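Please look over this structure with me. My notes follow as numbered points.

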Amino acid sequence: MAHNDQAKAVGQSVLRREDDYLLRGEGQYIDDIPEPKGTLYLGFVMSSQAHALIRSIDFAEALQVPGVFAVLAGDDVARLVKPMHTEIQLPGYVCADRDAVARRKVRFVGEHVAVVLAENRYALHDAMELVQVDYDVLEASANLVRATESGAPLVHDNVPGNIIFQGKFATPGFEEAHAKGELRLRERFRHGRVAAVPMEPRGCLAVPERGDSILFHSSTQIPHLIRTALANHIGIPESNIRVVVPEVGGGFGMKAQFYPEELVAAALCLKYRRAVKWIQDRREELLTNTHARDNLYDAEIAFTSDGVVTSLKLELLANAGAYSSYPFGSTMEATGGARMILGPYRIRNYAYQTSAVVTHSCPSGVYRGVGQPACFMAIEGLMDRIGRRLGIDPAEVRLRNLIKPHEMPWTNAVGVRYDTGNYEQCLAMAIEKSGYQAFRRAQPADRLVDGKYRGIGICNLTESTGGGALGWRARGLTQLSGIDSATIRIEPTGKASVYVSHAAAGQGHLTAFAQVAADYLGARLEDVKVIEGDTSVSPYGSNTFSSRAAVTGGGAIIRAAGKVSEKMRRIAAGILNVDVQDVILHDGVASVVSRPDQQVPFQAIAETAYSLGTLALAKGEAFGLEASEYYDPPTSTIANAVHIVQVAVGAKDGRVAIENYCIVHDCGRVINPMIVDGQIHGAVAQGLGEALMEEMVYDDNGQLLNASLLDYLLPTALDVPDMSMFHIESPSIDALGGFKGVGEAGVIGAVPALANAIADALSGIGANVNSVPLRPTHLLSLIREAKRAGGSTIQAA
């Protein structure tokens with residue numbers, strides 16, 4: 001086995017293999033897959049009401065459209081598939097099943113009430129418009145807070161008070177410790193509701209094969225979980241289902257869910273023995289793909305006159321939407337925010353009550369960062385408020401509360417282990433590289449410079465990544481294993497085929513996984529090919545989400561490579577007539593340590609393993625040269641970063657300009673620095689959107705008011721600033737390879753850093769910034785109100 005000190009590929013900014021064909025326009029996305037002859041096109045009639053009884057559905061006119069094959073209502077679909085059931089084994093969780101197509105009642109605008117199959121897309125859309133649904137409209141609970149009030153309309157009869165999950169926790173003696181706090185602050189933080197909005201909406205193509213088998217193409221991040229879900233809900237063996245993932249035009253967690261459209265497409269394919277294709281349009285994407293955020297954090301923090309935090313109390317509300325998504329359920333935002341808010345700080349006294357609330361809105365699900373952008377907006381906002389209260393620089397407040405290097409490994413108050421990390425070094429480097437001190441020295445008390453309020457904000461974050469089975473069990477998820485796997489085969493040519501249980505959605509897996517495999521096999525990088533996203537050839541795993549590919553996929557590759565390389569060394573030792581301990585693998589050859597010129601290429605070793613040459617295998621050695629390994633990573637692998645942002649807020653128009661953006665990041669051992677930088681750049685852009693412009697807006701009747709990209713504003717290239725980025729490497733001691741996740745830290749850091757920078761810019765006039773998005777109209781309103789009030793809104797408890 002090639003050891004870490006012989007690594008040649010890991011740590012290098014190798015050009016992404018994917019870019020060559022993607023930039024040439026040769027990538028095949030879901031709508032590019034050739035359609036078999038006789039393909040039927042699937043469409044869904046969506047509810048126009050957020051909460052209503054379905055009195056009748058008339059599709060007589062739709063059936064008269066030439067080319068229409070079938071129209072089915074909810075009862076028809078229910079005879080083909082089981083209701084979608086998400087089991088979460090946590091105290092305080094209530095299960096509320098979902099029909100793939102609504103039957104008696106609808107619970108959000110966009111919920112499916114009928115399906116149409118047609119021979120062509122034109123007939124499909126004509127027929128969908130002719131389906132008539134008669135509703136008995138009911139009062140809706142569309143607002144997160146009002147849904148919890150006494151007498152609010154229930155979303156599900158078996159979910160009392162619309163609380164689908166509630167969890168409580170307190171460290172021993174919390175109330176006494178909190179009551180003794182020398183000083184206290186209380187604040188409410190709100191994070192608006194957002195959508196993932198990938199460039200490519202979702203879609204699938206189900207193709208019947210022999211017997212009851214099906215080939216299922218889906219734009220998804222979770223092919224193995226999709227296969228299991230299809231088997232469970234349709235009632236056929238998993239061995240009869242092959243899920244293949246084409247190129248995915250953005251997933252961000254939203255495509256890590258199993259959706260009703262996939263279930264219906266597969267069921268109708270089997271029923272009619274014809275290929276069924278469904279492609280989502282943008283309006284459907286905004287109405288029906290899982291949303292995220294819409295969180296309220298009511299936090300009270302106790303601290304000393306020196307700025308040292310002594311306790312933290314949290315009440316959290318998270319909007320779960322109308323149903324639990326599959327497989328993550330309705331608890332991820334609620335549990336994630338409550339578990340991760342402690343961040344890199346030594347906060348030993350902590351209590352929370354966290355609730356997931358069902359509302360008559362689109363179901364919520366996992367989206368890049370999950371609860372962490374909101375929870376760090378809260379804790380980092382509190383750190384700034386402590387500094388302003390005491391007259392201590394906010395950076396110094398953070399420094400006084402950081403976990404120290406000598407305290408690692410650290411287990412926080414809720415039991416999350418931080419194996420490695422140097423939070424002081426990250427913060428110090430960010431302060432230096434961003435020019436923080438110089439900015440502070442030049443900053444006037446009223447923050448007004450050249451007609452703009454100028455401020456600087458910090459986010460000091462930890463990111464929970466790469467969780468294994470124990471981590472998911474701790475959050476109650478029983479339909480998610482947490483393991484991943486790899487199979488490595490050295491072909492007779494001596495080249496390596498690496499099959500991984502993951503599925504890429506733009507992260508550069510084909511490159512990064514090849515770098516890991518090359519180093520741990522001792523192969524040349526160009527001789528390694530990575531294959532993933534096909535359940536017929538890739539071993540089983542939990543797939544790609546939660547910043548876990550490098551940790552879980554990399555760990556599985558390392559384990560499989562260890563087995564293969566040991567066998568290669570044994571075969572090479574026989575060929576070279578030396579002891580196996582004297583053989584080392586590197587650059588595609590096996591050589592003798594003491595005599596490097598005495599070597600044998602991988603191809604000769606492979607030919608011997610497959611009995612293709614004149615040399616025989618040693619007695620007792622099995623033919624072939626491959627191995628499969630599963631890897632269950634640690635409960636969580638904790639990455640960290642510091643974002644420091646300088647902004648200017650227009651005094652007359654409230655517009656925000658980002659004038660400097662600095663990031664210091666630690667994701668453990670970096671596999672490919674260029675890919676890591678790209679991941680962070682993209683995530684920061686998404687965080688910028690969340691902080692400054694994006695929000696899904698529902699009215700009191702549950703109508704989504706901005707279900708188009710004319711109204712749901714996204715950042716463009718002109719909005720994204722240049723970023724200076726620096727890396728510290730604190731390799732994990734718990735995860736194989738030393739890797740930590742990287743995919744979500746950019747968005748987790750951007751939202752709080754921007755909110756704090758804007759808050760700092762307006763602190764001189766006493767404006768209290770405690771919510772996102774921070775659109776110009778909102779900021780202008782805050783400026784005007786602060787000037788009228790002439791004081792600070794920070795309150796002591």
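**Notes on the model**

1. Start with a loop. Pro327 sits in the loop between β14 (309–321) and α9 (332–340). Helices (H or I, at least four residues) and strands (E, at least two) are DSSP runs, numbered from the N terminus. Tyr326 and Pro327 are joined by a cis peptide bond, with omega about 5°.

2. Keep the source in mind. This is a predicted model, where local features need pLDDT of at least 70, side-chain atom pairs count only at pLDDT 80 or more, and totals for chains, interfaces and linings use all residues. Residues are numbered from 1 along each chain as its sequence is written, and side-chain values use heavy atoms, with hydrogens and water left out.

3. Another cis peptide bond links Val772 and Pro773, with omega about 10°. Pro773 is in the loop between β30 (771–772) and α20 (776–789). Most peptide bonds are trans, and most residues other than glycine have a negative phi.

4. Now check phi. Val197 has a positive phi near 50° and is not a glycine. Its loop runs between β8 (183–195) and β9 (203–208). Val197 has a relative accessible area of 11%, so it is buried (under 20% relative accessible area; exposed is over 50%, partly exposed in between; 1.4 Å probe, protein chains only). Val370 also has a positive phi, about 45°. Val370 belongs to the loop between β15 (350–358) and α10 (372–390). With a relative accessible area of 14%, Val370 is buried.

5. Which residues does Asn460 touch? Among them are Pro344, Tyr345, Phe376 and Glu380, not counting residues up to four places away in sequence. Contact means heavy atoms within 4.5 Å. Asn460 is in strand β19 (residues 452–465). Its relative accessibility is 1%, so Asn460 counts as buried.

6. Turn to the rings. The structure has 11 aromatic pairs. The ring centres of Tyr350 and Tyr352 are 5.6 Å apart and their planes are at 50°, so this pair is tilted. Rings of Phe, Tyr and Trp (its six-membered ring) pair if their centres lie within 6.5 Å; planes under 30 degrees apart count as stacked, over 60 as edge-to-face and the rest as tilted. Both Tyr350 and Tyr352 are buried. Together with Phe169, they form one aromatic cluster.

7. Look for charges over rings. Arg348 lies over the face of Trp410, 4.0 Å from the ring centre. Arg548 lies over the face of Phe545, at 5.1 Å. The rule: NZ of Lys or CZ of Arg is within 6 Å of the ring centre and within 35 degrees of the ring normal.
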